[in-house]
Amino acid sequence: MFCPSPRRWRYYKRGLTSRLYDLDIAYLFTALDPPPGPVLDVGAYIGEFSLLALKWGRPVYAVDSDPNALVCLRRNLADRESLTVIDALVWNAEEDLTFGFAALSADSSVFVAETGFKTTGTVRRRATTLDRIAEDNGIDALAFLKCDVEGAEPEALEGGRDLLRRTARIAIDTGPERKGGRTSAACEALLRDAGFAVRTRERGRIVTYGSRGDLPG
């Protein structure tokens, strides 16, 4: 796997298969048993979760906004025909935002300047919404939405209210990446409003899950 920093290679000490297994356990992709359909990987970084979904035969839309991460993602998944890579900054409106680069630690974010993470620069760029991404790419419905946007998860969900109604399963990284605070409560409320059964689990990372059916224990 190509990574923005050699430090990332520590995740592969036991091999790529083990790394993908760990991601499956964290995001409950197979445990949530999504119905047939595409996967949207928001905050795809270097494409690890996208690779997991591709290995299960799913078409994948991989979204990221950090150019260093996107270079690695495209090289890691260059031979995958059922992959669409989308360079986009996801938010709750189409507006200009300041985006901070911290790809070495996988922490690039609109909040990175306020978290204390080491940055390699900032840029002003136009944000978009999940609903716009779905419209532009002809995504009628989603089997699975994975979201890890370093503290901007509530805004990402707010900008995807129409798409959420057409999504079967969701896993969102809601750890303390927003000025040191979690986004679990806000994301849980948004998912319940969209009709999902919801649960947040702390097991290594903090992940909030949503399902149109029963959630695994």
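Are F29 and F49 buried or exposed? Both residues are buried, where buried denotes under 20% relative accessible area, exposed over 50%, and partly exposed the range in between (1.4 Å probe, protein chains only). The model is predicted, so that local features need pLDDT of at least 70 and side-chain atom pairs count only at pLDDT 80 or more, while totals for chains, interfaces and linings use all residues. Residues are numbered from 1 along each chain as its sequence is written, and side-chain values use heavy atoms, with hydrogens and water left out.

**View 1. The aromatic pair F29 and F49.** The whole structure contains 5 aromatic pairs; rings of Phe, Tyr and Trp (its six-membered ring) pair if their centres lie within 6.5 Å, and planes under 30 degrees apart count as stacked, over 60 as edge-to-face and the rest as tilted. The ring centres of F29 and F49 are 5.7 Å apart and the planes stand at 85°, so this pair is edge-to-face. Distant parts of the chain are linked here, 20 residues apart: F29 belongs to the loop between α1 and β1 (39-42), and F49 to helix α2. Helices (H or I, at least four residues) and strands (E, at least two) are DSSP runs, numbered from the N terminus. One aromatic cluster is formed by Y27, F29, F49 and F144.

**View 2. The salt bridges of E48.** A salt bridge is a side-chain nitrogen of Lys or Arg within 4 Å of a carboxyl oxygen of Asp or Glu. E48 and R8 meet in such a contact at 2.9 Å, N to O. This pair joins distant parts of the chain, 40 residues apart, with E48 in helix α2 (residues 48-55) and R8 in the segment before α1 (16-27). E48 and R8 are both buried. R19 also forms a salt bridge with E48 (3.2 Å, N to O), connecting helix α1 to helix α2 across 29 residues. R19 is buried, as is E48. Through shared partners, R8, R19 and E48 make up one network.

**View 3. The salt bridge between R14 and D22.** The closest N and O atoms of R14 and D22 are 3.0 Å apart. R14 counts as exposed because its relative accessibility is 62%, whereas D22, with a relative accessible area of 30%, is partly exposed. The search of the whole structure finds 13 salt bridges.

**View 4. Arginines over aromatic rings.** A charge sits over a ring if NZ of Lys or CZ of Arg is within 6 Å of the ring centre and within 35 degrees of the ring normal. R19 lies over the face of Y11, 4.4 Å from the ring centre. R75 lies over the face of F2, at 3.9 Å from the ring centre.
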